[in-house]
Each structure stands twice: as structure tokens, then as C-alpha cells.
Amino acid sequence: MVEKSYKKQVYYLIGIATVIRLFLAWFTEFGNDEVYYRLYAMYPDWSHFDHPLMVGIVMQITTLNLFLKGELFFRLSSVIFVAVNTWVIYRIGTKLKDERTGFYSAILYTTSIYASVISGVFILPDGPQSFFWMLSVYMLVISLPSSPYDKKSGSSMLFAGLFIGLGILSKYTTIFLWGGAALYILFFNRVWLKSWKLYVAILISITLCMPILVWNIQNDFISFTFHSDRVDMVGRALRMDYFFTELIGEILYNNPLNFVFIILGLVCLFRKKMNLKGQQGTVILFLGLPLIITFLVFSLTRSTLPHWTAPGYTTLIPIGAVFIASRQKNLKRLLPVSLVITLLVMVTFLIAALFQINYGIIKIDNTTEYHRIGKNDPTLDMFGYRQLGDKFHEIRSRDIKSGEMPADAVIVGDNWFPLANYDYYIASQEGMHTVAIGKLDRIHKYAWINRIEGMPYLGMDAWYITDSREYDYPDKVFNRLFEKVIPADTINLYRGGEVAKRAFVFRMKNLQELPADVLERNK
């Protein structure tokens, strides 16, 4: 098929996928991480405890600085970013081989669960990181194999420095792109070491990252300490269970078929059974593999999360597309059977996930204990909070009217989740404050929010909510702090006509003592 036809098909692909993502962004409730990252937009800073500032900035933009309400507007940037990324990876695939390969790359990207849903619908640091990551890869594919004295190559390197810097402002792991670029230059194109444009590009990235450094200097490098502890391997025993959990997670997150195509493409490339244009394929390897290999090694001794490596896999998607294109015999057919199956897998996954989350079509959890129902069903993390908000409103209105609780009572918790869920689905709807009382490694961003809001304070009354997914009776933390802890009500949350989980509401009367860690942080 001619180039124009492939471009047209890519436009159709982007358009259809965008409509589906907009629906998902509007229809589904926030997950635990999303409601937490919303706090970055509400309380902007140079950086944050868990991640840099970019995810908060893009939410401020799409919500018009929180003027627009609802999940769709908070998530809108992710939907826009993935649409642009689909076009970018089409261009990368085209540069590796031809237009058909670019089209196949766009399809594989769209059928990646990580690229298309996790970072393409949900509002996470991965959304802006994926956007700037793919733009950086595109610029490096243009610049690295070429001479730095070529005008287009030189300007592309400068843009790469810009996008990598913005990517690091989204998520720290974007720094791996500079590591991969450095390795490629050392092994294949040392001429770049003589070019001022390389060093200016690096300087641009460093300059853009200054907010991270400034914030960490102000906060005793707490963010760096937190993340270094997550990957520290010193003195740890070999844990193959962690390794296989990570590997299986990577396969599922990136779509099992996509994973297979990428591996087969890599095998053919290393065995020199696939032809690519110039050195672009080698650049892709150096940009994608270091991140994957690094965290697979980390997973040998400690628990890791599969989405940490996902940008590496999305970088390698064009290699899988080249493999598929090189084995297609009937060129008159728009899509080979393998890609049709991949699309069907993605569609099936989305439909099944939607029905499972909202209707519980498969019974995942068999817990019957009253306070633990739904404990083992992770799909409930994105269900029931809208119901909870409506029913809590009735309880609060009743208790304020009866004089049981004052109107200025806050919602209190000792962990960032599900406190952030209550923050969005209850407190923001009721005009209430949310206060976290606990250790920094449990309350995260709330430690800074407490300081801004002047919370907690002696004499404060509060509501405490815990659900059967994470049931935690308040006496563990709050009995010694409050004068009285009184059970107020139990809320049944229904899914598919059955109780899926329960929420337990407590009245907390008269805060009499501030915990030592709160006093220390407020100094």
C-alpha cells in the first residue's frame, strides 16, 4: 500500500482509540494512585515526595487550574499524550524500515495495556513521562546515527535534551535515555563527543531538572532517599519469586502477544535475519534495553513494579513491528492475522475489565467475614467510592443536624490510600478537609499538606473511614489521641446487586495529643 493509505489508517486508529479512551476516562472511577497524584495539582510544589512535578502541572492545565471537575478532565492529558505518541511511534517505525512497519508499530502501541490504558487513560506520572520519552526516542533516532554537523541531526539532539529533561520532570527513570544515548555514542558514533550540541543538550536536561534538586535540598533529599531504598540490593538474598513476578507482570502489562513479537524481533535482529535502515535499530536497542535489564536485575533481590520497565518495552515496539512486517506474505491484506489477534486480545481485555470492575462478573474474592468482604478483589480499588460519597453525605448531614458532629469536622486517616480516595469522593464534595496522621512513609504528600493547612490541631473532631478491603480499626493509631472513638455507621457498597465491600464510619471526638512525628515535622 502507498504511504498516503497508511497515514490515513493511522489517523483512523488514533481517532477510534481516542474516543474509547475518552469514554474510559469519563466512566471509570479513579484508582488509588490517581486520586493521590491529584494532590500534586491541588498543592503544587517544585517537586514532591514520590515523584517530580509534571503530573500535577498537566492536571492543572487540563482542569484549568481545577476549575473543571470530574475524572475526565483530570485524565485528559493522558488521552492526548497517547494519541500523539501513536503518531510518533508510527514515524519511528517508518524510519526503521518503511510505512507499513510504522503502521504496525502504531497498532502494537495501541494494543499495549501499559501504553494504551495505564499511561494512556489514567492520570499517573507515566502519562507525561511516556509522552516526553517517545518524543526523545524519536529525536535520538534521527540524531545519534548521523553526523552532529548535519543541521537536522544537530537540532534533533537539542530537542532530545529538552524532551529528556521534561521527561525527568515527569519520572526519574527517564534518565536512562541519556545512559543509552551515551553507550551508543561510545560504541558507534564518537564524533558526537566533539560536538557542542551534545553538551548543550545535556545542559538543557540538567537545567530543567533543577526544581527537583532545589526541592530535595529543602527537604533533606527525602525523595532521593525514598527511591534509593526501593532499589537497594545490598545484603539482600536472591528472590526468584520476585524475579518471576516482575517478568510475568511485564508480559501482561505490555500485552503477551506484543511481548512475544518484541522478543522474536530481538532474536532475529541479533541473528542478523532482519534488515533495517542504517543504525536506527541499534539506537532503539540502546534506548530500550538498559531500563528493562536494570529492573530485572533489581527484581532478583527485591520487589519491583512491572510498569517501571514499560517505557523500555514501548521503545522496542518497532522491532516487533519489523518482525511482523518481514514475515507478511500477502501485502494486499491491510493487517496480518497476528495483528488482528492482538487487537482482539486488547478489545477483549477492555470489555472484560470494564464489566469486572463495574459488575463483578467473575467472583474473585470468596471472603465471607463481615469486616473483610472484597479483601482479595483488586478490581474493587476502582469501584464503590461514588456510592460511598453519596451515602456518607446522608450520615454526615444526619449527625450535624443532631449535634453529634460539628460541620467543620475533618476526615482523618493514617495512610495515603485510601485516604486520597476519601479526599476526592467525599471531602471535595462536602467542602471538608482531609488530614493524615502517621509516619512519613505512610502519608507521603499529606505531610506537606498538613503543614500548609495547619493540620492537625488540638480539639479537632474528625471522621474516620475504613473499608473491608483494607479494614483497620482506629484503635491502632487514634484511640490514644482522641478523647472518644465512636462507631457511627456501616455502609454497604453494592456491585451487580450484591454487597461487594463495606465501609465503616467512626466519629473521632476531641483530639487531645499531637503525635511526636507531627510535632517534629511542624518545627
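The legends below describe close-up views of a predicted model.

**View 1. The stacked pair of Tyr385 and Tyr425.**
The model contains 45 aromatic pairs. In one of them, the ring centres of Tyr385 and Tyr425 are 6.0 Å apart and the ring planes meet at 20°, so this pair is classed as stacked. The two tyrosines come from distant parts of the chain, 40 residues apart: Tyr385 belongs to helix H18 (residues 385–402) and Tyr425 to helix H19 (residues 416–430). Tyr385 is buried, with a relative accessible area of 4%. Tyr425 is also buried, at 7% relative accessibility. Because the limit for a buried residue is under 20% relative accessible area, Tyr385 at 4% falls within the class, and Tyr425 at 7% does as well.

**View 2. The aromatic cluster around Tyr385 and Tyr425.**
Tyr385 and Tyr425 are members of one aromatic cluster together with Phe30, Phe74, Tyr422 and Tyr424. The ring of Tyr385 also has a charged neighbour: the charged end of Lys501 sits over this ring, 4.3 Å from its centre.

**View 3. The charged end of Arg495 over the ring of Phe383.**
The distance from the charged end of Arg495 to the centre of the Phe383 ring is 5.7 Å.

**View 4. The tilted pair of Tyr464 and Phe506.**
The ring centres of Tyr464 and Phe506 lie 6.0 Å apart with the planes at 50°, so the pair is tilted. Tyr464 is in strand S3 (residues 462–467) and Phe506 is in strand S5 (residues 498–511), so the contact ties together parts that are 42 residues apart in sequence. Tyr464 is buried at 4% relative accessibility, and Phe506 is buried with a relative accessible area of 4%.

Ala462 has Met508 in S5 as its bridge partner. S5 is mostly covered, with 11 of its 14 residues buried. S4 and S5 form a hairpin with two residues between the strands, and in this hairpin Gly496 takes a positive phi near 60°.

**View 5. The largest pocket and its lining.**
The volume of the largest pocket is about 1400 Å³. Its lining is made up of 44 residues, and those nearest the pocket centre are Asp33, Ile118, Phe122, Tyr253 and Met382. Helices that each supply at least two lining residues are H2 (32–42), H6 (113–118), H12 (222–231), H13 (240–253), H17 (337–359) and H19. H17 gives the largest share of the lining, six residues.

Most peptide bonds are trans. Pro456 lies in the loop between helix H21 (446–453) and S3.

**View 6. Positive phi at Leu66 and His444.**
Most residues other than glycine have a negative phi. Leu66 has a positive phi near 75°. Leu66 is found in the loop between helix H3 (54–62) and helix H4 (71–96), and at 21% relative accessibility it counts as partly exposed. His444 has a positive phi near 50°. The loop that holds His444 runs between helix H20 (440–443) and H21. His444 is buried, with a relative accessible area of 6%.

**View 7. The cysteines Cys209 and Cys268.**
The count of disulfides in the model is zero. Cys209 is buried at 15% relative accessibility. Cys268 is buried too, at 8% relative accessibility.

How values were computed. Residues are numbered from 1 along each chain as its sequence is written. This is a predicted model: local features need pLDDT of at least 70, side-chain atom pairs count only at pLDDT 80 or more; totals for chains, interfaces and linings use all residues. Side-chain values use heavy atoms; hydrogens and water are left out. Rings of Phe, Tyr and Trp (its six-membered ring) pair if their centres lie within 6.5 Å; planes under 30 degrees apart count as stacked, over 60 as edge-to-face and the rest as tilted. Helices (H or I, at least four residues) and strands (E, at least two) are DSSP runs, numbered from the N terminus. Buried means under 20% relative accessible area, exposed over 50%, partly exposed in between (1.4 Å probe, protein chains only). A charge sits over a ring if NZ of Lys or CZ of Arg is within 6 Å of the ring centre and within 35 degrees of the ring normal. A disulfide is a pair of cysteine sulfur atoms within 2.5 Å. Two strands pair if DSSP finds at least two bridges between them. On a 1 Å grid over the protein atoms alone, a cavity is a set of points where a 1.4 Å probe fits but cannot get out, and a pocket is an open set with protein on both sides within 12 Å along at least five of seven lines; lining residues have an atom within 4 Å of a point. Grid points are joined across faces, edges and corners, and a volume is the space filled by probe spheres set on the points.
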